[in-house]
Structure formats: structure tokens, C-alpha cells
Amino acid sequence: MSQKVAVLGTGKIGEALLSGMIRAGWAPADLLVTARRPERAEELRGRYGVSPVTNTEAAKTADTLILTVKPQDMGTLLDELAPHVPADRLVISGAAGIPTSFFEERLVAGTPVVRVMTNTPALVDEAMSVISAGSHATERHLAHAEEIFGGVGKTLRVPESQQDACTALSGSGPAYFFYLVEAMTDAGILLGLPRDKAHDLIVQSAIGAAVMLRDSGEHPVKLRENVTSPAGTTINAIRELENHGVRAALIAALEAARDRSRELASGKKD
């Protein structure tokens, strides 16, 4: 791990990635960071021992550039970087909806670009990071991206044509679960439980269910059926979920998220 890696625009996800790399064995001396505010850069130096640099310095000195700025800021950042990024730099984008072609058109010809959609569980080393190769990215580049993002969770390679769907499922996915927990907590209060007890019941149930899904090898339908006894409480709840079109609403919601990811790729902001 002697290559220098720069994280540009080190917000929450960028910092989570940075800390995960250090836990995975990367030397802080090999990690560079940029931030919009100087005090934020110094905070990262004090916390992790990494080196704050300018975007231009990162482009000139790092072997790998990880761009974690917001999608709407990516064009401006690339305008700043382009004169200083040689063709042998690996550029990794973490911006939702922006295709690798957007970067390839703005950087020197032949620059390898890898697109990664991760999610907020990177903050607790349980991210799902989806990786796609641009036109010039090789197996070596993909493996390097997996090495980096593997420090904060699981990685999965997909064709870039599937990135918008993955953004809808896993990039935005944690928000759906938080929304569900919020609704179930309110239901618990309605049923007479204190908020803290309702919260603890739901969160532990969610953790247990997730571990079973991950480790049992069983289809989710089978796991659900194991809880659903004839004429019992669970089947009555499931009936109400179906009556209220929850399954259809989830499908529609994910389609809307996918469509918005496509709009971001086309440059539409509103």
C-alpha cells in the first residue's frame, strides 16, 4: 500500500472512507485530503495524521484521486483538475448519477475512471459499494477500487448501465429503512409503548432480520413464512400492508429514484 491516494472534498462519506482505509492498513503518510474549508482540512490532519493539500497538489502528486464532492460541483472540480491530471492517474468518482464518460471527456485522453456508488453505512464499516469500469479502466484499476472501498464494507462489480438501479436500491437504500423504522416507532407509540422501548424493539428486530438474510442462505419469502403462522398476528399485518399497496409503493419509489439518477446524469438539477 505504498501508492498515494487523495480524497477530494472530504465530507462525511469521504472521512468514513479515509478512516476505513487507515483501519485496513493504509499509512496516513500515503493519504492526502482536500476540503473546502481550511479548518476542516486541519481537523482531518489532527484526527488521522493525513496531509491536507489543494486540489491541484492532489492531482499532481497522488496516484489515485477519489472525488467525493456533490454531483453539482463535479464539473467545476474537473475544470480545476484537468490541466494537472496525467493519463496514468486513476480517477474514482463517488458522485451519484454522473457517468464515467463525463470525466473521460474532461480529462486527458486515456485516463482510467472507475465509478463507485457507496452509501452511508460506510460510517460503520457496513457500506455497500457498487463499482463500474470506465472505457480505460482495467482489472488492476477495479481491484484497486475494491481494495479501497472494501475497508468500509462490501463491494460489488456491475456494468455501468446498472449503476442507476444500484443507486436506487443501495445508494438511497438506507433512507428507506430509516423511514420504515420511523413509521414503526410511531406505530409502537400508538400501541402504547414509550418511544425508547419501541425504538429498541424495532432496531434489534431489524438487525436480527438483516443477519438472518445475510447468513442463512434462505429466500426472504421463506424467512417471512417462518414467522407467518395461520390466522396469526403476522398474516393480519401482512394483509394490511398488501391492502395499502406497500409493495407497489416501494417499486414505484425505487423507479423514481432510478429516474432521478438518470436525470442527474443528463445534467438536470430541478
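Two exercises on a predicted model follow, each with a worked solution.

**Exercise 1. Describe the second largest pocket: how much space lies in it, and which residues and elements line it?**

Solution. 
1. Start with the volume: the second largest pocket holds about 1,000 Å³ of space.
2. Next, list the residues at its middle. The lining has 40 residues, and those closest to the pocket centre are G9, T68, V69, K70 and P71.
3. Sort the lining by class. It consists of 15 nonpolar, 18 polar and seven charged residues.
4. Assign the lining to secondary structure. At least two residues come from each of α1 (12-23), α4 (74-81), β6 (113-117), α7 (163-171) and α12 (246-266). The largest share, four residues, belongs to α12.
5. Assign the lining to domains. Domain 1 (5-163) and domain 2 (172-265) each give at least three residues to the lining of this pocket.

**Exercise 2. Locate R89 and decide whether R89 is buried or exposed; then find which backbone oxygens its side chain reaches.**

Solution. 
1. Consider the annotated region. An unreviewed UniProt entry lists residues 4-97 as "domain: Pyrroline-5-carboxylate reductase catalytic N-terminal". Across residues 4-97 the chain is 40% helix and 19% strand, with 27 Å between the end C-alpha atoms.
2. Apply the accessibility cut-off. R89 has a relative accessible area of 10%, which is under 20%, so R89 counts as buried.
3. Check the side-chain contacts. The R89 side chain reaches the backbone oxygen of A59 at 3.2 Å.

Notes: Residues numbered from 1 in each chain as written. Predicted model: local features only at pLDDT ≥ 70, side-chain atom pairs only at ≥ 80, totals over all residues. Heavy atoms only, no water. 1 Å grid on protein atoms, 1.4 Å probe; cavity = no way out; pocket = protein on both sides within 12 Å on 5 of 7 lines; lining within 4 Å. Points joined across faces, edges and corners; volume = space filled by probe spheres on them. Nonpolar A, V, L, I, M, F, W, Y, C, P; charged D, E, K, R; others polar. Domains from an automatic or database assignment. UniProt positions renumbered as here; feature names shortened; annotations may be inferred. Buried < 20%, exposed > 50% of the residue type's maximum accessible area, 1.4 Å probe, protein only. Polar contact = N/O pair within 3.5 Å; in protein donor to acceptor, adjacent residues only side chain to side chain.
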